[in-house]
Amino acid sequence: PPRDFSEAIQSFQLIRTVGLINCQQPGMIPQRMGQYLYPYYKKDKEEGRITEEEAIELLGFLFLKLFEVEGPLQSGIFREGNQGQTITHIILGGLTPDGRDATNDLEYLILETQRRLKLIQPTLSILLHDRMPEDFLLKCMDVVVETGLGQPAFFNNGIAVQRLLQHYRSQGITLTEARDICMVGCIQ
């Protein structure tokens, strides 16, 4: 298992690349990266092993890999049908399984990485809710204005959770599971 933030990013990218080669499916997306990478970032930050700038640099390298890697690994039909669009979403904000705001320090750095790089992929998507910190929302708006890329995209977290519960309750989905929602594809 990864021992630090750098290894966690490398581990994610290795597993993702193997999955793309094996399945040639576009659904191998980062999803809620800020949630599962945060414990590694937090530990490194608390132990003085990483600065915010170093984390942004590592995220930048990952963003470039996310942008480049899918094209050669996609099936011809997928590549032609999507004209290079990789549908790679990184989901920020939202709620924790117990219903608290999920925004964390790493998600601010993910936004800053996109502000600096201005890449069309990966696409940042925000799960907007009424408990989101105002400074995070303002940072999101700054990225929209400064990059001109139309991202991050904003999705209503409450409606998305309700939709999941409505459509999948018969299959046993719980509120805790529904709060871990992610976007997949072009728009959902």
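**Exercise 1.** How many of the six residues of strand β2 (residues 123-128) are buried?

*Solution.* Keep in mind that this is a predicted model. Take buried to mean under 20% relative accessible area. Check each position of β2 against that cut-off: five of the six residues are buried, and the strand is mostly covered.

**Exercise 2.** Find the strands that pair with β2, and follow the chain between them.

*Solution.* Start with strand β1 (residues 89-93), which runs parallel to β2 and is joined to it by five bridges. In this pairing, I90 stands opposite L124 of β2.

Next, look at strand β3 (residues 153-156), which is parallel to β2 and linked to it by four bridges. Here L127 stands opposite F155 in β3. The path from β2 to β3 goes through helix α7 (residues 134-147), and this β-α-β crossover is right-handed.

**Exercise 3.** Describe helix α6 from its N-terminal end to the residue just after it.

*Solution.* Begin at the cap: a side-chain oxygen of N104 lies 2.9 Å from the backbone nitrogen of L106, capping the N-terminal end of α6. Then take the length. The helix covers residues 105-117, 13 residues, and its first and last C-alpha atoms are 19 Å apart, close to the expected 18 Å.

Now list the buried residues: L106, E107, L109, I110, L111, E112, T113 and Q114. Finally, step past the helix to K118, which takes a positive phi of about 55 degrees.

Key:
Residues are numbered from 1 along each chain as its sequence is written. This is a predicted model: local features need pLDDT of at least 70, side-chain atom pairs count only at pLDDT 80 or more; totals for chains, interfaces and linings use all residues. Side-chain values use heavy atoms; hydrogens and water are left out. Helices (H or I, at least four residues) and strands (E, at least two) are DSSP runs, numbered from the N terminus. The expected span of a helix is 1.5 Å times one less than its number of residues. Buried means under 20% relative accessible area, exposed over 50%, partly exposed in between (1.4 Å probe, protein chains only). A polar contact is a pair of N or O atoms within 3.5 Å; within protein, one must be able to donate a hydrogen and the other to accept it, and residues adjacent in sequence count only if both atoms are side-chain atoms. Two strands pair if DSSP finds at least two bridges between them. A crossover is right-handed if, with the strands pointing away from the viewer, the path from the first strand over the helix to the second runs clockwise.
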